[in-house]
Protein chains: 6
Amino acid sequence: MATVPLLSDAEAEAIPEVKAVFDDIRATRKSDFVNNIWRGLANDPALLKRTWEQVKGIMATEGALDPLTRELIYIAVSATNGCSYCVHSHTAAARAKGMTPAQHAELMAIVGLASQTNSLVTQMQIPVDPQFEV
Amino acid sequence: MATVPLLSDAEAEAIPEVKAVFDDIRATRKSDFVNNIWRGLANDPALLKRTWEQVKGIMATEGALDPLTRELIYIAVSATNGCSYCVHSHTAAARAKGMTPAQHAELMAIVGLASQTNSLVTQMQIPVDPQFEV
Amino acid sequence: MATVPLLSDAEAEAIPEVKAVFDDIRATRKSDFVNNIWRGLANDPALLKRTWEQVKGIMATEGALDPLTRELIYIAVSATNGCSYCVHSHTAAARAKGMTPAQHAELMAIVGLASQTNSLVTQMQIPVDPQFEV
Amino acid sequence: MATVPLLSDAEAEAIPEVKAVFDDIRATRKSDFVNNIWRGLANDPALLKRTWEQVKGIMATEGALDPLTRELIYIAVSATNGCSYCVHSHTAAARAKGMTPAQHAELMAIVGLASQTNSLVTQMQIPVDPQFEV
Amino acid sequence: MATVPLLSDAEAEAIPEVKAVFDDIRATRKSDFVNNIWRGLANDPALLKRTWEQVKGIMATEGALDPLTRELIYIAVSATNGCSYCVHSHTAAARAKGMTPAQHAELMAIVGLASQTNSLVTQMQIPVDPQFEV
Amino acid sequence: MATVPLLSDAEAEAIPEVKAVFDDIRATRKSDFVNNIWRGLANDPALLKRTWEQVKGIMATEGALDPLTRELIYIAVSATNGCSYCVHSHTAAARAKGMTPAQHAELMAIVGLASQTNSLVTQMQIPVDPQFEV
């Protein structure tokens, strides 16, 4: 259960700013499916719009990294933050963008390894080598 | 300052298991530079060996993801865990593997955005959409 | 499911130190409802008493911050720690203390933004400006 | 040391999009001081602009919460994420907006208490009470 | 629901490398029960093998710390990382190794207290005393 | 640099409630050394007293776990939360209570391993086995 109501399509259509964002999500993704995060954010149309514009600008526009790499990074952050919904939604998105089981397994191994060496470094309080300075 | 001593080259050479790992780090990386995490782990040769073997097996072997993508994922996890040393060392490693300023900026934007939407989702306690199920 | 049993009212009444805390929770909150965290902590009467005394002392006593502000801070920490139960209980508490939907939306936006800039700062390893020193 | 160069005023003035943001920071804050986070973000003018617009829109505009409350929430998140720079900069900002030592001490107590009860709840895996449902 | 399929015994038996690990888990633990983490990792036999070898080498071999102490440390980390599954599985493991209710309550109190003082220290940005240097 | 002033002995002696806690710290620990966390907390005598009483009650009293085990748990939480000061102070405390280099290395290995399996479990979103239910 959520701490805010999740807006249905009927409720979303009744608020022009929400309808505009939902329409843009559907057009950008070429799919009728609007997932739950947007239905929760729709309680505050300004927050919905600002969040969607960032997601669209960063994740759905051509840039320096390819779309699948972006999703892998998103999964890595979401898992490290322990966000269950986010791990689910971005793993599904990565699959939709072509992530193979071998790539998924390698991602899991890297994120797990990084968590381990992060912990070892923090326990030892290793000082930064001067060679790493910009 | 570290919570364990960082072994010098002379100290490392005196312990055969440590010397073997340091030699392999230098051979694998084609560089004489052995950074501080290994000098800290060298206090426990078994932990040093097990950690290096994982790093070598996952990060320095051909696999399903290219070497730069792996480093970007490592930075994403390290930043999310707040490991300063790890952010420094893997940002340097990513640069050495060809990360451009544009790719670095895009990585930063994605990791920042994911942190924001992770937080929004957790605050709203959004339930997982059935469409995301395997 | 919990990793410890949750004490029913009958079980709580049978342990004098637990009964005393449950009675004080009900009297302080002017409500018969004792939520699950206290039923779990009741397995260790000393931990139950020490935790309740802190919560009462910090959250239910007049101080330098008003009661709603305290709950907003509590939600911010709970979301950042990813504690689902805590987000639920303190969001309900904030609503009971008058949090409006507009305040809730603004809280969500601030906590999300802070998570994003925290991440950007950590990725860049920004040094503290001397102007921020006490 | 940062993982990216921090732009000086001279370097910032040479890039029109960066100059525009720095000018707006100075005008909005009525101060000549531009702190280090903006000098790091200036390496990517688009990220700088998007981040500043969010900070300005959420933190420097009139809304449902007063400016000091917003800073307290920002400190709570930054401390929970372990972002040293962010704790420093927003504690300074809160002081500039009138935070008293008593309010600071109370904030510290609440954030510490929330961290403790978050941990207790997670260790016990307490299920959400049905009364907390929206 | 998981983001990867959980392999049944029949599916596991069909993959020789997976069967070998499952057999070793059963032999090492003297129990027929193979819990879900291994059924998820079995999607990548190499990751399954590497993870099990570490768990076996660190948790199921005689060393400098007794088996129960190791499980208490595992619970402490899992709770702090907010990993629900891990808290459940290692609390069950600690009970199987003799953890008493009094020890569990003391563990909970210490982990909660550490979370609180960690937060206070981070909010105050306390500098390390020179006396703590190695 | 801290975000609050650290009280000197002279400043602490001038405030009766602070002097009383500092005297008790010195008597309990049989040492004249009062480390920096207490000098920071001394800005708010009530928070100082409440925090010290918990630390004394949980860490310095005979209980179900031995003093060294308690310190190992404290280090595990502090490292996972990324609290540099806390890792330093509790590693020093564990050494003072007899932690051997072999025990320290084993602690590091367990905390690192737990961080890794926590991450793998979260990435796979493994459901809790019914066998782990209380």
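The largest nonpolar core has 258 residues. A nonpolar core here is a set of buried Ala, Val, Leu, Ile, Met, Phe, Trp, Tyr and Cys residues joined through side-chain atoms within 4.5 Å. Buried means under 20% relative accessible area, exposed over 50%, and partly exposed in between (1.4 Å probe, protein chains only). The residues with the most contacts inside this core are Trp38(A), Trp38(B), Trp38(C), Trp38(D), Trp38(E) and Trp38(F). In soluble globular proteins, nonpolar side chains tend to be buried together.

This is a predicted model, in which local features need pLDDT of at least 70 and side-chain atom pairs count only at pLDDT 80 or more, while totals for chains, interfaces and linings use all residues. Residues are numbered from 1 along each chain as its sequence is written, chains are lettered from A and ligands numbered from 1 in the order in which they are written, and side-chain values use heavy atoms, without hydrogens and water.

**Inside chain C**

Take Trp38(C). Not counting residues up to four places away in sequence, Trp38(C) touches Phe22(C), Ile25(C), Arg29(C), Leu48(C), Thr51(C), Trp52(C) and Val55(C). Contact means heavy atoms within 4.5 Å.

Gln123(C) sits in helix α7 (residues 101-124) of chain C. Helices (H or I, at least four residues) are DSSP runs, numbered from the N terminus. Gln123(C) is buried, because its relative accessible area is 1%. Leaving aside neighbours within four places in sequence, the contacts of Gln123(C) include Ala79(B), Val87(B) and Leu107(B), as well as Thr3(D).

**Chain C against chain D**

The same surface serves both copies: 100% of the contact residues of chain C recur in chain D.

One salt bridge joins the side chains of Glu106(C) and Arg70(D) (2.9 Å, N to O). A salt bridge needs a side-chain nitrogen of Lys or Arg within 4 Å of a carboxyl oxygen of Asp or Glu.

**Two interfaces in numbers**

| Item | Chain C and chain D | Chain A and chain D |
|---|---|---|
| Buried area | about 5,800 Å² | about 910 Å² |
| Share on carbon and sulfur atoms | 73% | 71% |
| Salt bridges | two salt bridges | zero salt bridges |
| Polar contacts (both at pLDDT 80 or more) | 24 residue pairs | one residue pair |

Between chain A and chain D, 13 residues of chain A are in contact with 13 residues of chain D. Met1(A), Arg50(A) and Val134(A) supply 53% of the area that chain A buries against chain D, more than any other three residues.

**A site in chain E**

Lys49(E) lies in helix α4 (residues 45-59) of chain E. Lys49(E) counts as partly exposed, because its relative accessibility is 42%.

Definitions and conventions. Helices (H or I, at least four residues) and strands (E, at least two) are DSSP runs, numbered from the N terminus. Buried area is the accessible area (1.4 Å probe) that two parts lose on being put together, summed over both. A polar contact is a pair of N or O atoms within 3.5 Å; within protein, one must be able to donate a hydrogen and the other to accept it, and residues adjacent in sequence count only if both atoms are side-chain atoms.
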